[in-house]
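Here is a friendly walk through the salt bridges of one model. Have the coordinates open as you read.

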Amino acid sequence: MEANQFREFGKEMIDYVANYLENIRDRRVLPTVEPGYLRPLIPDNAPDKPDKWEDIMKDIERVIMPGVTHWHSPRFHAYYPTANSYPAIVADILSGAIACIGFTWIASPACTELEVVMLDWLGKMLGLPEVFLACSGGKGGGVIQGTASEATLVALLGAKARAIDRVKKEKPEMSDTEIVGKLVGYTSSQSHSSVERAGLLGGVKLRSLQPDDNNKLSGETLEKAIQEDLEAGLIPFYAVATLGTTSSCTFDRLDEIGPVCNENNVWLHVDAAYAGSAFICPEYRYLMKGIERADSFNFNPHKWMLVNFDCSAMWLKDPSWLVNAFNVDPLYLKHEQQGSAPDYRHWQIPLGRRFRSLKLWFVLRLFGIENIQAHIRKQISLAKYFESLVRSDERFEITEEVIMGLVCFRLKSSNEINETLLKRINGRGVIHLVPSKIKDVYFLRVAVCSRITEEPDMEISWKEVKEAANDVLSKTA
Ligand code: PLP
C-alpha cells in the first residue's frame, strides 16, 4: 500500500469509526451468531493478489460487525467497563506508526521517558504517596503493564525474590528450593481469579481467606492465617488486597491489612483494577486509606479512565526486587546508558513492549483532570440512579452497597428465579448483564460501562429488567 492509498483508507476508517461509535446505541448489544459463523463468510485461503481496501471496508459490516459484542454501547452492563476515547484511538495510530519495541531506554528513549513521566502524572492525580513516584528521587516508580493480571504476577515474583533473599540471609543453609517450598501468600476468596493464577504460575502456595460479613478481607483474618503458618514452619511472603472486587466492587480493609503485612515481612500488593480510577476524585480516596503500607499498587486506566486497552498502571516502592530477579543481560540488549534510566524489560514478563504511554499522554492532555473526574463522577451517579430505580420496586433488593459504577441486585426470590431472570434479560437482546454469586446468593450486576451513557439509557435498562421480571414472575406465580 502506497502512502496516498493509506491516506484515503485511513480517512475512510476514521469516518467509519466515528459513525460506529456515535450510532452504537442502534446496534443489538449482543450478537446472535452461532459458533463458526465467520469461516463461511471469507475465502479458505489468503489472496494471491492484493485485495482492494474498499473491499475490506465493505467486509467490516458483512463479516465482522455481526459477530461483535458492542462493549461501548450504553446497553452493555457486563463485567466492568473497558475504556474507549478518541484521543486514545488517535494515540494508538501514532504508536502503530512509530512501532518501536521499547524494551530498553536506547531501544526508543521517548518510549521509556514518557512512560516514567506519565506514571508520575498519574500517581500524583491519584494522590499516591511520593515513595511510589520516580520524581521523588527515591527507588520508587511506575510502569505500564498489559493487564492487572500481569501486575499481580510480577508483584508476586518480586515478593518471592525478596523473601528468598531475606531467608537466605537468616538461614544460609536453606536452598532456594527449600525456601520456595515453604512460601505462602494470602488473598481473599473475593479477589480476582488472576490472583490464584499468579500463585499457580509463580509456583507458590496461596491461601484464599474468608472475608468478613461485609465481604471485606480484614487485618485480623490475615494476622490469624500468618500466625498459623509461622507456627507450621511456613514462610508468609505475599498478600493481595483488592480495592473494588470483581463480583461486587467491595473494598478490603487496607488500613488493617497494611500493618499486618509490614510487621511480618509480607509484600502487600493492592489490586484496584477497576475502582482505582475513582481515586483521581479526592472524595473517593478514603477507600485507599493505608496505601502507604503497600509495596505495589495497580489499577487499569484501560478500564475506567478513557484509555483504550491495554494500559495497566503499576507502581512499586522498590522495583529493584523485580529488576534484579528478572535480570538476564545478553550482550545484544546492553547499552551504554544502562542504569541511568529504567530498562522496562526488567519490570515485566515479555521483552517487547508497545509505546503505550502515548495513549495516557493524549488522554490526560485532551480531557484534562477535571473532565476525567467528571466522567467518573457521572458514571457513579448513573449507578446510583439505577440503584434508586431498583429500590423503587419492592420485588427487588440491592445486595451490595453501591459505591462505584456497579449495582448488584436480585429479585427477592430464589437463585433459580434470578437465574431465569438473567436468561430472560439477555435473551431479549436489548441489554447485556452478567451475574455473580457470593456465599451462595446469586445476583445480577449492572455496571455502567459506556462513556456515552445518560440517564435515559439507564431508564431503558431498568425497563428491560422490570419487563423481564414481570414475565418471569407471571410464569412462576
Ligand atoms: N482484578 C480485578 C479486581 C478485576 O476486576 C479484574 C478484571 O475485571 C482483574 C483484576 C483482571 O484485569 P485484567 O484483565 O487487566 O488482567
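D457 and R75 are both buried (under 20% relative accessible area, with exposed meaning over 50% and partly exposed in between, using a 1.4 Å probe and protein chains only). The two residues form a salt bridge, defined as a side-chain nitrogen of Lys or Arg within 4 Å of a carboxyl oxygen of Asp or Glu. This pair links distant parts of the chain, 382 residues apart: D457 lies in helix 14 (residues 455-476), while R75 lies in the loop between helix 2 (53-64) and helix 3 (86-98). Helices here are DSSP runs of H or I with at least four residues, numbered from the N terminus.

This is a predicted model, in which local features need pLDDT of at least 70 and side-chain atom pairs count only at pLDDT 80 or more, while totals for chains, interfaces and linings use all residues. Residues are numbered from 1 along each chain as its sequence is written, and side-chain values use heavy atoms, leaving out hydrogens and water.

The structure holds 32 salt bridges, including these:

| Pair | Closest N and O atoms |
|---|---|
| D457 and R75 | 2.8 Å |
| K168 and D176 | 2.5 Å |

K168 counts as partly exposed because its relative accessibility is 35%, and D176 counts as partly exposed at 36%.

How far apart are R391 and E387 in helix 12? They are separated by about one helical turn, because they sit four residues apart in that helix (residues 357-391). R391 is exposed, with a relative accessible area of 54%, whereas E387 is buried at 13%. Elsewhere, salt bridges that share partners join D92, D310, R354, R356 and K359 into one network.

Technical notes:
Helices (H or I, at least four residues) and strands (E, at least two) are DSSP runs, numbered from the N terminus.
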